[in-house]
Each structure stands twice: as structure tokens, then as C-alpha cells.
Amino acid sequence: MGSTNSDDDAPRTGQHANGRSLVCLVTGASGYIGGRLVPELLAAGHEVRCLVRTPEKLRDQEWADRVDIVQGDVTDSGAVARAMRGVNVAYYLVHSLGTGRDFEDTDRRAARVFGEQAQRAGTGRLVYLGGLTPQEVPERELSPHLRSRAEVGRILLASGVPTVVLRAAVIIGSGSASFEMLRYLTERLPVMVTPRWVHTRIQPIAVRDVLRLLAGCATLPREVGGTFDIGGPEVLTYLDMMRRYAAVAGLPRRLILPVPVLTPGLSSHWVGLVTPVPAAIARPLTESLRHEVVCRTGDIERYVPSPPGHPLGFDRAVALALQRIRDAQVTTRWSSAATPGAPSDPLPTDPDWAGGSLYTDVRTREAEVDPSALWDVIEGIGGENGWYSFPLAWGVRGWLDRLSGGVGLRRGRRDARRLRVGDSLDFWRVEEIVRGRLLRLRAEMRLPGLAWLEMRVETAGDGAARRVRYRQRAVFHPRGLAGHLYWWSISPFHAIVFGGMARNIVRAAERSTAGRPGTPAGHGASGKNGTSGPHT
């Protein structure tokens, strides 16, 4: 099976100098960069081990059966020690971006654990992807995000294990947070009032070049180490990037009006309102744009030479990323990693779980459809297809979530037709999927409790006597009095929202079945069911 991640056919790195494959540990394998690096390393002939908090998130990856998975967190020394056994190269691709005020302490603790356990295990090399920091700016004046990235690099370099720190600025690739921010700002706003940082000089780099360099570091000579700046061939302002993006995307020229009074905090809320990137993620990204971030040296080229045509220029990187989006070939997104502050508890099966109550709303409907047609509608829910009931209510709920610092509805889908465990889906995340039978979503919107939404295809009987049923269950575990009040306040609307959702999902499946050639008699849309679409 070939690599599916990196948007082009960039050359692969080779094996170890003595001809044997390496054992590579990848942290952050459920995230944007880690999820794309794994197949690169496999294609190069290396063995890969992944350290992840939730192994289920990797289950539906095409490469999942080719890697060794260790469950654990990078702050857990026992889990890191287990993961490090027999490892030649360990990739540190995690950070606590947007997780709260203590994220610097968390990053510091995790880096120390990782470095200490690598040294004890005799790991041959550490590779870390950090952020490019500006020249001649005291570290105390950097954004907390960049300051923490720089500190993590220093901790790993001081671990006693040969370490390479690659520092990148804006990464251009389908699904990256920086690219999504650039894309939505440019596409949605033909006239923009922008902060001062649009005039900051930046050296962006294509994601495929980042992956090529990361994979190449696996086979570096042991004596090679230190910090290396990585970037594309062009230095641009953010204003240049927006205008060049518009040109590549075939959009009319954008009118951009910088406003000096927009602070990083206000900028992050502005970005959060216009793009799918929530303010908690947008703030560290915008704060990092206050200072010029340009590569000081290109020393990495001495050890990992660029093949012809690389590093990619900005226009080419944007064109390839947009092609990936159009072809629905976005293998990982910025939202692939867990959303900061979002609940991660699995659906409780005990009604007295955690000593509290569980509220449920259950809807069932008989469906004169082929089960596969019903499943196709279920798996295609969300994103551009909407939620099949009362779009105004869903839209208002999404906006309220955004205003309170949540993710809102605009994260959309990674793929228009297929879902996998761990995918973000508007303000939900896929917790479980059994193809043809079950889709379970866990809510990541701001709530006074925990919530899930299940959709099932149930069948009984055989042949002409077969019956198909759609079953939908919403589950809410309240937190305190506020949680109970929340459920009671929205219960009167459930018949409209959840009832309409069940009805319209079945109708959509019936219309789909009726349009399929060779549909058996009795399996099709009847006139009495109406023709209301997914947004009615």
C-alpha cells in the first residue's frame, strides 16, 4: 500500500546507512503532521510505533495494521518508557496549543519526560518540529506559543540524546490550521479590515517539504544535531499571501485595509468568526505573526538535499492544497487532534454512570429503503449536507458556541462521504463507527455536561419480509444544576430538531433508493412522505 498523505510524489527517504530499517516512534500520530508522517516512514521501509492517548482514533487509518500502537500520554513517564523500548528515532510532534493558561507548564513537563525516557532507553535520535522564532527579539517578548515551542526545543537538545529541531513558520497544506485560516479569510471576505500583522514578513513552507525533511532526519549521521530553520523559497507578507492565494484560487483581487488598533486578542476573535479555526487556536497563531519569521540559515540542505522542484514555491503549494480539497483527499486536518477543553469521555452504558442522571431522546422510524442507502445518508451527515432539520436552530447553536469560545459548526468534514473514528464533524467528533450499522458522535460544543448522538441502521427478517428501521438516540449527562436546567430548557424543541432529523434522514434515503436501478417493489419513496430536503 502506497503513502496517501503528502499531496504529491515527493521522493522517500532511504533506510539506515547499514541497510536495516529503523524503528521510529511517532507521537501526535492522530494529529495533522504526525498522521501524515507515519505513511512516509512506512514507505521508506521503517518500522513505526505510535504513542497515542486514544488508539481508537487510528483504527480507520489505512496504515493502522502496519504500525505498533502504545496507549499513553507524553506526560506519563511509564507510557513513554514502554514506547521508547528498542526505538532508533523518536519524533516529538505534540504540543498543548490552546489548552489553557497552564499549557507552557504542560509542554515543559512533557518534553522533560520524553527526553529523560529517550536517554534511559538509549534512543539514537530525537526529532522535533517547532516554531520559527524571530531574530533579535528577546524570548520574553515572544508570544506564549512561540516561547513554549522554543523552550521545548532547548529541553530536548539538552536531554543527552542527539536531537534535531526543525523550526517552521506557516505551513501550507490542505487541512493545516494556518492554511485554513488563510483560505477562509481570503475566500469569504472580498473586502477585509485587517490587523497590522498582515505586513509581517513570513517564510511559509509546503507541508510536503516539512514531511520530506522530517523523514530525512531519521537517517542523519549521529553527529548531526542542533536547530535548523526550514522554509520555502519565498519571503512574503501575510498581505502578499492573501493576494497570491486569491490569484491561484481564481478569485477577484481582494481589497485589504489594515487597522492598527486590532490587538492579537481581537484578531483571534475576528479570525474565529470568519474561519473554522476557533479563537483558542487562532490566538496563538495570530500572536505568532506579530514578529518577522524568516529562516536564518539553510543548513539542513547539506544533510537532506532538496530534490528537483523543491522546496515548493507558495503558489504551487497553494494549488496542490486546493486540488487535494477539491478531490476530497485531505487525509488529516488541524482538527484531527483533540480539541482543547473538549470532553473525551466515552458514552456511558450504565444509567447511573458517575452517580448521575442520563437524559435521552430516542426516535425510531420504519424505512422502506435499502439499508445501504440509509447508511449512506447517515455517514454523509454534517458539513455541506447539514443536519436534516431546522437549519436555523443548528446555525444559531453553532454561533452561540463560537461566541463562547467553542468550535462552532464550521469545522465541516474531512471527507464529503466517508468518516472514520476521531474525525471532527462540525461541533461533534466521531467516537465510534460500525460501517452500515452505527455512527456515534461525541459533542465538542460548550455544554454544561456531556452529550452524544447515535444513529443506527437496524434490520430484521429476510428477503421480501425484511424490515429496515432507523434508530436515533441523543444522550446527555448533565453537570450540576446548570446541566439539568439546560436539558429541560431545550426539551420542548426536541420534537422539531430531533424528530425532524429522523424523518428527513429516512426521506432522503427513500429518495436515494427510489433512484437506484433495480430497486425492489416496496422499497422506494412514497408520495405521502413528501420531499423535504436535508435542510428542512
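Predicted model: local features only at pLDDT ≥ 70, side-chain atom pairs only at ≥ 80, totals over all residues.

Colleague: How many helices and strands does the chain have?

Modeller: Both are DSSP runs numbered from the N terminus: helices are H or I with at least four residues, strands are E with at least two. On that basis the chain has 14 helices and 19 strands.

Colleague: What share of the residues is buried?

Modeller: Buried means under 20% relative accessible area, exposed is over 50% and partly exposed is in between, using a 1.4 Å probe and protein chains only. Over the 536 residues in the chain, the buried share comes to 55%.

Colleague: In what order do the strands of the seven-stranded sheet come?

Modeller: Strands count as paired if DSSP finds at least two bridges between them. β3 (68-71) and β11 (226-229) are at the edges with a single partner strand each, so one side of each has no neighbour in the sheet. The pairing is parallel, the sheet is open, and the order is β3-β2-β1-β4-β5-β6-β11.

Colleague: Which residue is the bridge partner of C24 in β4?

Modeller: Strand β1 (residues 23-27) runs parallel to strand β4 (residues 89-92), and three bridges join them. In β4, C24 has as its bridge partner V89.

Colleague: What angle does the direction of α2 make with that of β2?

Modeller: Axes are lines fitted to C-alpha atoms, for helices over the stretch in contact, and angles run from 0 to 180 degrees between N-to-C directions; contact means heavy atoms within 4.5 Å. Helix α2 (residues 77-84) packs on the sheet and touches β1, β2 (47-52), β3, β4 and β5 (125-131). With the direction of β2, that of α2 makes about 175 degrees.

Colleague: And which strands does α4 lie across?

Modeller: Helix α4 covers residues 144-157 and runs at about 165 degrees to β5. The strands that α4 lies across are β4, β5, β6 (163-168) and β11.

Colleague: Now the six-stranded sheet: which strands stand at its edges?

Modeller: This sheet is open too, with antiparallel pairing in the order β14-β19-β18-β17-β16-β15. Two strands have a single partner each, so one side of each is left without a neighbour: β14 (359-367) and β15 (424-425).

Colleague: Are the faces of β17 covered or uncovered?

Modeller: In a regular strand the side chains alternate between the two faces of the sheet. In β17 (residues 438-443), six of six residues are buried. L438, R440 and R442 lie on one side, with L439, L441 and A443 on the other, and both faces are covered.

Colleague: Which residue of β17 does E432 stand opposite?

Modeller: Strand β16 (residues 428-434) pairs with β17 in the antiparallel sense over six bridges. Their hairpin has three residues between the strands, and G436 there takes a positive phi near 85 degrees. The residue of β17 that E432 stands opposite is R440.

Colleague: What is the bridge partner of E458 in β19?

Modeller: β18 pairs with strand β19 (residues 467-478) in the antiparallel sense, over 12 bridges. In β19, E458 is partnered by R469.

Colleague: At what angle does α11 run to β18?

Modeller: Helix α11 (residues 371-379) lies across β16, β17, β18 and β19. To β18, α11 runs at about 165 degrees.

Colleague: Last one: at what angle do α1 and α6 cross?

Modeller: The axes of helix α1 (residues 32-43) and helix α6 (residues 207-216) come within 10 Å. Contact residues include I33 and L37 of α1 and V210 and L214 of α6. The crossing angle is roughly 55 degrees.

Technical notes: Residues numbered from 1 in each chain as written. Heavy atoms only, no water.
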